[in-house]
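Subject: Structure handover

Hello,

Here is the structure for you to look through. Please open it alongside this email, and then read the notes below.

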Amino acid sequence: MTVRRKFLQRAREAMMKSSMVGGRQAEVLDNLIQREHEHLYAAAAKHINRTGPESKDVHEDIKEELMHILAAAWEESFKYMSTLQARQLAHLGKERHDSSDDLTYGEVNFSSLAQILCEDLRRYGIPLQGTFYDLGSGSGRGVLVAALVGSFQRICGVEIVPELHKASMDVLHAYKSRVALKYSVPIPDKLEFVQANITKADWSDANVIFINSTCFSKPLMEKIAKKAESLAPGSCVVTLTQPIISPYFDLLESKKYAMSWGTATAHIHVRSEKASSISESKARYWSKKIPGKKDYGALFDGYTSA
């Protein structure tokens, strides 16, 4: 065993004890160490004669390199499906649906959603385990982020537009056949994309849900909120721009992040045991700050349709 490998393995063990990495991230890190990934070994070489593997600086450098590797794998997956291409596919869907305004397209960024999942949810003790749903999953960007950074046993993206659903299936095939081998980062077997209306699909078994709801209309948000009340207590729902308004959901945090179209506010909600008028009032107070034509929070969060 080389000195650098031993150093990295001891650092990984320390990072696991401090919960800096865990689950699939710890497995991926171990795999990359065994394969002697050049960037990780370079990070080790920078510290190996100056400090020990328990150092916080070492852990931060290793975690940064790990996230860079995961982000590179994510980017590679969408090499042949750019945001512009996905937006053009969404326009095709808008032409066929009466509720076309709800299909206005925008993509999440890897770093922003990874931070929401790995840091914000962790801060509230919400585990990245069980079942994850991306409602309105588009070409699959949010789903793939969850697959790379989380420890979910099952991951599902739900998308109504046939062209986007097919694009997400193509991205999944590209990852499994090409990207996973290139970056030594496999993803869970139980990852699927379903073509369906999110108000009719069954996602009652979710532990964590992500919804890019920036351009959703209020009627659609009301349907989602009502359907989400069937989730088990403790389930987490993350929405963009527009919060879930329901007495059964506690709004824990609202924080701005960069997305493909500009900035968007991520709202973190948790399904409570009992209804609370205070919880609903908190979400309603925030939603009143969202101005705009047809009640779009998009105008508040800086969305521009291209």
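Asp134 has Phe210 in β4 as its bridge partner. This is a predicted model, where local features need pLDDT of at least 70 and side-chain atom pairs count only at pLDDT 80 or more, while totals for chains, interfaces and linings use all residues. Residues are numbered from 1 along each chain as its sequence is written, and side-chain values use heavy atoms, with hydrogens and water left out.

Strand β1 covers residues 131–135, and strand β4 covers residues 208–211. The two run parallel and are joined by four bridges. Two strands pair if DSSP finds at least two bridges between them. Helices (H or I, at least four residues) and strands (E, at least two) are DSSP runs, numbered from the N terminus.

β1 also pairs with β2 (residues 154–159), again in the parallel sense, over five bridges. Leu135 stands opposite Val158 in β2. From β1 the chain crosses through α7 to β2, in a right-handed β-α-β crossover. Right-handed means this: with the strands pointing away from the viewer, the path from the first strand over the helix to the second runs clockwise.

**What is covered**

Is β1 buried or exposed? Five of its five residues are buried, so β1 is largely enclosed by the rest of the structure. Buried means under 20% relative accessible area, exposed over 50%, and partly exposed in between (1.4 Å probe, protein chains only). Thr131, Tyr133 and Leu135 point one way from β1, while Phe132 and Asp134 point the other way.

Helix α7 (residues 141–149) is mostly covered too, with nine of its nine residues buried. One of them is Leu148. Leaving out residues up to four places away in sequence, Leu148 touches Arg24, Leu70, Trp74, Phe110, Tyr175, Val185 and Ile187. Contact means heavy atoms within 4.5 Å.

**The cores**

The largest nonpolar core has 72 residues, and Phe110, Leu117, Leu121, Leu148 and Val149 touch the most other members. Its largest share, nine residues, comes from α4. Apart from this core lies another, of 20 residues, including Tyr133 and Ile198. A nonpolar core is a set of buried Ala, Val, Leu, Ile, Met, Phe, Trp, Tyr and Cys residues joined through side-chain atoms within 4.5 Å.

**One more residue**

Asp61 lies in helix α4 (residues 56–77). Asp61 counts as buried because its relative accessibility is 17%. Beyond its neighbours within four places in sequence, Asp61 is in contact with Lys46 and His47.

Best wishes
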